[in-house]
Amino acid sequence: MTTTTDTHCPYCSLQCGMRLAGATAGSAAGAAAVPVAAPSVEVLERPEFPVNRGALCGKGQNAAALLSPATRLTAPLVRDRREGRRGELRAASWEEALERVADGLAAIRAEHGADAVGVFGGGGLTNEKAYQLGKFARVALGTANIDYNGRFCMSSAAAANRIAFGIDRGLPFPLEDIPRTDCLILVGGNPAETMPPALRYFRELRENGGTLIVVDPRRTRTAEQADLHLQPLPGSDLALALGLLHLIVADGMVDVDFVAERTTGFEDARAAAMAHWPERVERLTGVPAAQLRQAAQLFGRARTGMVLTARGPEQQSKGTDTVGAWINLCLASGKAGRPYSGYGCLTGQGNGQGGREHGQKADQLPGYRSIEDPAARAHVAGVWGVDPDALPRSGRSAYELLDSLGRPGPDGVRALLLMGSNPVVSAPRAAHIAARLASLDLLVVSDLVLSETAQLADVVLPSAQWAEETGTMTNLEGRVILRQRAVDAPTGVRGDLWLLRELAERLGVKHGTGAKPRFDDDPETVFEELRRASAGGQADYAGISYDRIRAEDGVFWPCPAEDHPGTPRLFLDAFATPDGRARFAPVTHRPAAEEPDADYPLYLTTGRVLAQYQSGAQTRRVGALNAAAPGPFVELHPLLARRLKVAEGDALVVTSRRGRAVAPARLTDTIRQDTVFMPFHWGGAGRANTLTNPALDPTSKMPEFKVCAVRVEAAGRTETAERGTQPQQVGASAAGGTAGRGKA
Ligand code: SF4
């Protein structure tokens, strides 16, 4: 008899519901896998799950391919070092690998101090793994230096949310509210390619008579469906939002009663906006003043309205201020804290939301508590069975942590445990980060596949994934859902919770006895502990259980008690600030950290394509997806191509102050003539992140992935243009742009 299991997609933050048929799971979750043949699993629709109602994009439809042992690591790998020279990775037993990791971490900690050991997590880890990884760093290793790749994804929106509303949840309303708003501005997001099933909410909005405005330097598939498309220069979204607020004020569209009763700080925000009149904003953004006026009227006169941002405005060195400016627009026009109105962030990674709530971030403890707050430290230490004074303080943010790897001296991190992330492809200034990773005394990577980062490791640990293990995720709406185990992991693969348990024991942390720190490997047991640790915090999961999630198709946090219904809609009565009022941000325009000049005359912006996901470590190993999107490219306008004397398919060299990348030209008139676009899913010569700028937002510490200055030339004509640059990454050929594909 064919078994079926209800679960969710392994990829993005929509966490589409799906049903797996042909499941083979039999052994206890988190335990060593039993030997099985490659599972024959079919992905089926699950129409009753409300978020996607059965719809899946190509990534979800082809997700079963990830379960094939042919694409997977199935044994630990270790690299020997002799007289300072690094050998090749070789297969090893789990016992040898675990001893090597535990001994290495302990030795570095003893010689250089606990903070010389770093931990780097991922926004794709389940809540249970993210929670346990944070606890492992603080309790088993005692290090302050833990952060995760979600810092690269949503942290500017998170920071702006906390400043304005006192709490960070990607969407303060469920997706089902979108079709019922009157006007929606989508800034720097392309759900038609990143999460296609979500597009129906925007379609329904327009079918209901609502207006969709899209802000994007490219006329994307999403922008093509808009009533109005504003096409600003990369990095100028802040000026655009200030210009719209200027018009809301100048044209008498401020909701005076709402501002007086439910907000603070309007006067400073208004004063800043008044310096951004339409013609000035046109010069700063390239958006015609007439379009600005049209957008302001559409949004300002609408009875209800929403602003949603994605990585476009957030991945900037002023991302927090930029999101703050868009929130100001909502507040001034009375479009927040009311039904069918508000600001929200379209989270990217599968557990980008939950992954930032329970302790993976350098400055946070579970439940969204601050690690610097004495009461928060006492509460979490009580759950963990440790002395609050023994908990480390805040550590370094993701890029700062990666940048410190291998550096000599007291601030250097000498060993790194990395779980579920591939920074060799996904970090800004990636060639530099690869060099820092390679300089470590000990790099340990837990992953499903031999990613580009795992290829640099001293120890690689093959981990279970998605349908091979049970765990909760929190989608972009703040809905906690349950991914259920459906198949056994390939022989030789172990779960990350088991790994942390084994390492904790080898590092001298006892578990399983009384009030001492425990490192369980059963996900539901870990979730029960997470519930206690989060209780009373902002992201309160105390009332959420696996049984409730199964019965209710997800539960929205905060949910402080088992008889609490959960909170699909935030702020309807009050905002989560001490006085219950939302706070305007007094922000003003400033340029990107790096603007085009004579040497680097074009903007580069980066993003995703439909068939690939993030660093591509998974999707590049799925045949159907790889066939649809086989490699990197440089998208540019035909008029720019004519100026550069290049044609469709020509190999282009794109050079920034960080290095250069090589990829074929793809011509389209949907992009600005002063801007080129590269997707960031590939390593090797076509790696977009070789070029990107690690300039950090001062509040969120998010790097400026979305805008930097580049020069573009046809390959073969570059030598004469090399003056004054010191490229760090020189590709052997354009074909090398897919390096890493299929290397597992
Ligand atoms: Fe998976 Fe996201 Fe596609 Fe849904 S939209 S199937 S969650 S990748």
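Visitor: At about what angle does helix α3 run to β19?
Guide: The model is predicted. Helix α3 covers residues 127-141 and lies across β19 and β20. Its direction relative to β19 is about 95 degrees.

Visitor: In what order do the three strands of the open sheet come?
Guide: The edge strands are β19 (471-474) and β21 (555-556), each pairing on one side only. The pairing in the sheet is antiparallel. The order is β19-β20-β21.

Visitor: Which residue in β21 is the bridge partner of Arg479?
Guide: Strand β20 spans residues 479-483. Two bridges join β20 to β21 in the antiparallel sense. In β21, the partner of Arg479 is Phe556.

Visitor: Which residues does Phe136 contact, leaving aside its neighbours within four places in sequence?
Guide: Contact here means heavy atoms within 4.5 Å. With those neighbours left aside, the partners are Leu141, Leu417, Leu500, Leu503, Ala504, Leu507 and Phe519.

Visitor: How many residues of the shell around the ligand are charged?
Guide: The ligand is surrounded by residues including Cys9, Tyr11, Cys12, Lys59 and Met195. Lys counts as charged, whereas Cys, Tyr and Met count as nonpolar. The shell divides into nine nonpolar residues, two polar and, as charged, one.

Key:
Residues are numbered from 1 along each chain as its sequence is written. This is a predicted model: local features need pLDDT of at least 70, side-chain atom pairs count only at pLDDT 80 or more; totals for chains, interfaces and linings use all residues. Side-chain values use heavy atoms; hydrogens and water are left out. A residue is near a molecule or strand if one of its heavy atoms lies within 4 Å of it. Two strands pair if DSSP finds at least two bridges between them. Helices (H or I, at least four residues) and strands (E, at least two) are DSSP runs, numbered from the N terminus. Axes are lines fitted to C-alpha atoms, for helices over the stretch in contact, and angles run from 0 to 180 degrees between N-to-C directions.
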